[in-house]
Amino acid sequence: MSPIEVIEPEHNRVKLAKDGRYLDYDFLVIATGARTHPEETPGLQEHEWHKSIYDFYTVEGALALQKHLRNWEGGRLVVNVVENPIKCPVAPLEFIMLADWFFHEQGIRDRVELIYATPLPGAFTKPIASKQLGHILDEKNIKVEPEFMVMEVNPDEKKIVSYDEREIEYDLLVTVPLNKGDEVIGRSGMDAGDGLNYVPVDKHTFLSPTYGNVFVLGDAAAVPTSKAGSVAHFAVDIFAENFVRHIDGLEMHHKFDGHANCFIESGFGKGLLIDFNYDVEPLPGRYPLPGVGPFKLLEESEMNHWGKMMFRWMYWNILLKGAELPLPAKMSMSGKWR
Amino acid sequence: MGTRTIAGVTVQVNDEGFLTNPAEWNKSIAAEIAKEEGIATLSDAHWKVIDYCRGEANKLGGKSPTLRQITVGTGVQTKELFGLFPKGPAKKVARIAGLGKPEGCV
């Protein structure tokens, strides 16, 4: 095993970092993912890192935060998304709603102020989701600071400062740092030229428009859908069938529609479920059986929470083993309404 | 969703006044929307950013680029971008460039 130093798509080869050897390929499938980069924001990953500033997208960060919260006596908790796109875009919302529940359980919710600072125009930005769910954070007494583009963190004064000079003080900062694809993409000149190291591909087939034998799957691809596990799962279903045809020089019949399906835990034993694709925003409805459910789309329910709990088992025992999951890769409009 | 006439052209817009079809956009529409956003005249610096966003959106399947993509792609510093398009440049540029509002998945 060796990391890759550079991909040379013009020569159909990759150079290994370990011994400088070249490996030739007929086809290349890139799945190098995305990672968080706290070092890109001044003040974030300095002397207060994992003292009063935490991330939860790394195992170390999540464990350190868990430990910190165990003895935390309250104050102002700010969740800040540095910049989009991020992995699992609903995770920060899920975190702050679960935090609300956790502090209730701890009996200190009245001593905790929760603020969600996002670069987007709101916590929910899709028209129907905003209408359906806009009230949910208000009801939980979670304040939203929209269009907050963080410029720097002042770890000594414990505040985050935006480019338009707004300041938010915190006692505890939970950051979702800048996400970037793997450095090897930039080193190989295969990125979109925006410094984020994602590879531009056809959003329906994942084939590079520049190199006819290079595919990019999962978070590494610059496609306009969520960087989420469900997306990668559905995308691979489509890709596998296409790839076999592509090798044989046949046209790729299957087109990925950007399908994503995500549970969002909302606390107090309830959850939300969203199902959408490139063209259709999250809509209300029932899932997976139209009219029956048992899950409710774009609505809080206890059953959705149990669905998430069940999914935990399915993830380890079905998905990771590569067994078939009886859910279609393409999104269906049945059971949804506007 | 509805239509409105901007700079003599009838275009489709959403509830927040963002064009829903980037193909209906033209430079006079941009100038008109810019005025509504409090930018009296669009300078070369503004156009550099707008043109970049239009080009990127084309590559990104109609999605407007993020602030970081704009700064790296154009070489315009973030601070400067806030000077050109005060209070929320990502959203303002998207509206002036006839692109969709920057949005999340939900």
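Strands here are DSSP runs of E with at least two residues, helices are runs of H or I with at least four, and both are numbered from the N terminus. E8(A) and E9(A) run parallel and are joined by 4 bridges; two strands count as paired if DSSP finds at least two bridges between them. Now follow the chain from E8(A) through helix H3 (residues 127-139) to E9(A), a right-handed β-α-β crossover. Right-handed says that, with the strands pointing away from you, the path from the first strand over the helix to the second runs clockwise.

A word on conventions: this is a predicted model, in which local features need pLDDT of at least 70 and side-chain atom pairs count only at pLDDT 80 or more, while totals for chains, interfaces and linings use all residues. Residues are numbered from 1 along each chain as its sequence is written, chains are lettered from A and ligands numbered from 1 in the order in which they are written, and side-chain values use heavy atoms, leaving out hydrogens and water.

Next, step to the other neighbour, E7 (residues 75-81), which pairs with E8 (residues 112-117) of chain A in the parallel sense over 6 bridges.

Zoom out to see the whole open sheet of 5 strands, with parallel pairing, in the order E6-E13-E7-E8-E9 of chain A. E6 (53-55) and E9 (142-145) of chain A are the edges; each has a single partner strand, so one side of each lacks a neighbour in the sheet.

Now select A:Asn84 and A:Pro85, joined by a cis peptide bond with omega of about 0 degrees. A:Pro85 sits in the loop between E7 and H2 of chain A. Another cis bond links A:Tyr287 and A:Pro288, at an omega of about -5 degrees; A:Pro288 belongs to strand E20 (residues 285-289) of chain A.

Which phi does A:Phe206 have, positive or negative? It is positive, about 70 degrees, although A:Phe206 is not a glycine. This residue is buried, at 3% relative accessible area. Finish at A:Phe268, a non-glycine with a positive phi of about 55 degrees, which is partly exposed at 40% relative accessibility.

Terms used. Buried means under 20% relative accessible area, exposed over 50%, partly exposed in between (1.4 Å probe, protein chains only).
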